[in-house]
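This report describes selected features of the structure shown below. It considers a loop residue, the sheet and the aromatic pairs in turn.

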Amino acid sequence: MTNRDPSLDTLLDLNGQVLVIDAAGYWVRFVVTVVPVTAQKPHGLDYTMTLHAPDGERLVGFDNAHQVKGGKTPATDHRHRMKTVKPYAYRDAAALVADFWSEVEAVMKEKGVWP
């Protein structure tokens, strides 16, 4: 028996979803697929989760599409917040989704869109 992440199916169900999250037109997009396990993608996932402003500008992003500049390991998990990029410590699928929504909420509040 393997140690399969029980929250993985929930994350995979988000694949392809685009959700408008505010009447002003802010939206989120999820792209999540299973890939072979590699040093760069040790979780066996290829993921991008993003928050966009009404004009399409990306405000928040969690992904593993490329290695973080200055990263000391081959892992590629990281998060974008406005113009900054920082490594992200992937724990499991549930934590990834929760951390993404926490960052979305923080940015929406910072921009004055949400109270």
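In this predicted model, M82 belongs to the loop between β5 (78-81) and β6 (84-87). Its phi is near 55°, a positive value in a residue other than glycine. M82 counts as partly exposed because its relative accessibility is 27%.

Within them, R79 stands opposite K86 of β6. Helix α2 (residues 93-110) packs on the sheet, where it touches β2 (27-34), β3 (45-52), β4 (58-63) and β5. The direction of α2 makes about 15° with that of β3.

The sheet itself is open and has six strands in the order β1-β2-β3-β4-β5-β6, with antiparallel pairing. β1 (18-20) and β6 each have a single partner strand, so one side of each edge strand is left without a neighbour in the sheet. On average, neighbouring strands are turned by 10° against each other, direction ignored.

Across the whole structure, a search finds six aromatic pairs. Two of them are listed here.

| Pair | Centre to centre | Angle between planes | Type |
|---|---|---|---|
| Y47 and Y90 | 6.3 Å | 35° | tilted |
| F100 and W101 | 5.5 Å | 65° | edge-to-face |

Y47 lies in strand β3 and Y90 in the loop between β6 and α2, so their pair ties together parts 43 residues apart in sequence. Both Y47 and Y90 are buried.

In the other pair, F100 counts as buried because its relative accessibility is 0%, whereas W101, at 30%, counts as partly exposed. F100 and W101 form one aromatic cluster with F30, F62 and Y88.

Conventions: Residues numbered from 1 in each chain as written. Predicted model: local features only at pLDDT ≥ 70, side-chain atom pairs only at ≥ 80, totals over all residues. Heavy atoms only, no water. Helix = DSSP H or I, 4+ residues; strand = E, 2+ residues; numbered from the N terminus. Buried < 20%, exposed > 50% of the residue type's maximum accessible area, 1.4 Å probe, protein only. Pairing = 2+ DSSP bridges. Axes fitted to C-alpha atoms, helices over the stretch in contact; angles between N-to-C directions. Contact = heavy atoms within 4.5 Å. Phe/Tyr/Trp six-rings, centres within 6.5 Å; stacked < 30°, edge-to-face > 60°.
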